[in-house]
Amino acid sequence: MSWGTELWDQFDNLEKHTQWGIDILEKYIKFVKERTEIELSYAKQLRNLAKKYQPKKNSKEEEEYRYTACKAFLSTLNEMNDYAGQHEVISENMTSNITVELARYVQELKQERKSYFHDGRKAQQHIEICWKQLESSKRRFERDCKEADRAQQYFEKMDADINVTKADVEKARQQAQVRHQMAEDSKADYSSILQKFNHEQHEYYHTHIPNIFQKIQEMEERRIVRIGDSMKTYAEVDRQVIPIIGKCLDEIVKAAESIDQKNDSQLVIEAYKSGFEPPGDIEFEDYTQPMKRTVSDNSLSNSRGEGKPELKFGGKSKGKLWPFIKKNKLSLKLGATPEDFSNLPPEQRRKKLQQKVDELNKEIQKEMDQRDAITKMKDVYLKNPQMGDPASLDHKLTEVSQNIEKLRLESQKFEAWLAEVEGRLPARSEQARRQSGMFDAQNPATVNNCAQDRESPDGSYTEEQSQEGEVKVLATDFDDEFDEEEPLPAIGTCKALYTFEGQNEGTISVVEGETLYVIEEDKGDGWTRIRRNEDEEGYVPTSYVEVYLDKNAKGAKTYI
């Protein structure tokens, strides 16, 4: 099967077919190029997606990644980066192994094809010239033969005419001979050119054209093989990254399997455990016995008068039934953060203090390492004065030593608070239980008021202001720690739209049309914190006031 023998007369069609083959190759190159662009775009989108959901540094979101489920999600994000990297590898390998190589091959193919068809056209032009020469010699031979025949006829006519002179007859005979000689010469020339043309034509159809077409066929077959190899490479590039992509997916599965719900539950306990004991049971008070009622009345009257020593042991009042909820929540709303973290429950306070001590110890170690480095440098300067002046390091050494001493004092202060918390937590829990029992036994009537409590804006329980028998119990040492807080600065003003009677603890009464200072915006619970003067502040329903915030407010405003 050869194009030279089978397609000897299809020069133009072969030229079109080979051009179509090059177009197909360029089309495939374009396809691969667009695939690489898609892979790059996909990889970029995957990286942006993983970056979008990465935890922000020094944010609350970063703390959430202590939980195993969040760690697994973070591992998934990291694996997605590696997954995106494999798609970038696909794009890079396809570009270098297919797109670039085929583009270079196409240029070589075009040059080779151009050379072969140039030789083919040259052979065509040569055979066409030979054909024209043959046609020319043939026409000349035909013309000379006709002229010789007419000259012979004229001579015979002159020779038969008796009236023609002998000289005219001789002249006609000579003319006939000349024409006959010219016809013989044309015949010989035509015969020679015909033989030459037949030889050239045979060479053209049996040697030149077959050779050229055979080369074109080989060129076309190489193109077909090359595009097939490129398709194999296309698949192989994808196959090469499958193991790595599989590893990425395996790591995601491994991260998912590492999720430990029990561990996450324990972390929640560590994060929010207060360290308080639950409140004890409230004893039943039997009001059918007059004696007990009298005792209860006496207790109430004592509490309103000189009952302070007795109330010191009260542990079941509204402030001690929930020893931390009320005051701590109010402290959180105030936004104050004492240096000793006394606004936190004991367990959380212990963790914060321990964390602070660890941070200070790390800073101390860092400063000590810096001091050792400076000391060594000073020793080098002492041994080799040409390298530097040892006295130039004294100031820096003194500064570092002062920093170490300052950090040590700071660490000792936090260690003392930590020791206090670790030593007081069990004792205070036992004391709270003892005070609860003593107060229940001494003042049963007082506890009855708790049954008529209602929630205040901060979620704690307070008593009705309308009850005559309300008892105010002194706070313990722990509660006193929350009262020493810096007043918040005003962030704007507000105007009361309606009159509000603040009867619950934590609220404040306002009169319609009154102007007050805003110290805390509504956090979504429907309450706004306001201040009338240094001693009067509290919460009012947000719907009862019209707020005017001052975003440029700095520091506390002058009170009305």
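## Packing in the predicted model

Leu344 is buried, with a relative accessible area of 17%, where buried means under 20% relative accessible area, exposed over 50% and partly exposed in between, using a 1.4 Å probe and protein chains only. This residue, Leu344, sits in the loop between helix H10 (325-334) and helix H11 (346-383), and its C-alpha atom is separated by 7.9 Å from that of Ser274, although Leu344 and Ser274 are 70 residues apart along the chain. Helices (H or I, at least four residues) and strands (E, at least two) are DSSP runs, numbered from the N terminus.

The model is a predicted one, in which local features need pLDDT of at least 70 and side-chain atom pairs count only at pLDDT 80 or more, while totals for chains, interfaces and linings use all residues. Residues are numbered from 1 along each chain as its sequence is written, and side-chain values use heavy atoms, with hydrogens and water left out.

### Overall content

The protein has 14 helices and 7 strands, and of its 560 residues 35% count as buried. Contact means heavy atoms within 4.5 Å, and among contacts between residues at least 6 apart in sequence, 74% join residues at least 24 apart.

Two packed helices are described by the angle between their axes and the distance between the axes. Here the axes are lines fitted to C-alpha atoms, for helices over the stretch in contact, and the angles run from 0 to 180 degrees between N-to-C directions. The table gives these values for the pairs among helix H2 (residues 11-52), helix H4 (residues 68-160) and helix H5 (166-257).

| Helix pair | Axis distance | Angle |
|---|---|---|
| H2 and H4 | within 8 Å | roughly 165 degrees |
| H4 and H5 | 6 Å | about 170 degrees |
| H2 and H5 | within 11 Å | roughly 15 degrees |

Angles under 35 degrees count as roughly parallel, over 145 as roughly antiparallel, 65 to 115 as roughly perpendicular and the rest as oblique. H2 and H4 are therefore roughly antiparallel to each other, and their crossing is left-handed, a term that applies if the near helix is turned anticlockwise from the far one by less than a right angle, with right-handed used if clockwise. The contact of H2 with H4 is made up of 25 nonpolar, 11 polar and 10 charged residues; in this classification Ala, Val, Leu, Ile, Met, Phe, Trp, Tyr, Cys and Pro count as nonpolar, Asp, Glu, Lys and Arg as charged, and the others, Gly among them, as polar.

With H4 and H5 packing at an angle of about 170 degrees, H4 is roughly antiparallel to H5, and the residues of their contact divide into 46 nonpolar, 18 polar and 24 charged. H2 and H5, by contrast, are roughly parallel to each other, and their crossing is left-handed; the contact of H2 with H5 has 15 nonpolar, 4 polar and 4 charged residues.

### Nonpolar cores

A nonpolar core is a set of buried Ala, Val, Leu, Ile, Met, Phe, Trp, Tyr and Cys residues joined through side-chain atoms within 4.5 Å. The largest such core holds 40 residues, of which Leu25, Tyr28, Met94, Ile98, Phe213 and Ile216 touch the most other members. H2, H4 and H5 each supply at least two residues of this core, and H4 gives the most, with 16 residues. A second, separate core has 17 residues, including Leu344, Val357, Ile374 and Val400.

### Individual residues

Leaving aside neighbours within four places in sequence, Phe213 is in contact with Trp3, Gly4, Leu7, Trp8, Gln10, Phe11 and Leu14.

Ser509 is found in the loop between strand S3 (492-496) and strand S4 (515-520), where Ser509 is partly exposed, with a relative accessible area of 29%. Not counting residues up to four places away in sequence, Ser509 touches Phe500, Glu501, Gly502 and Arg532. Ser509 and Gly538 are 29 residues apart in sequence and 8.5 Å apart in space, C-alpha to C-alpha.
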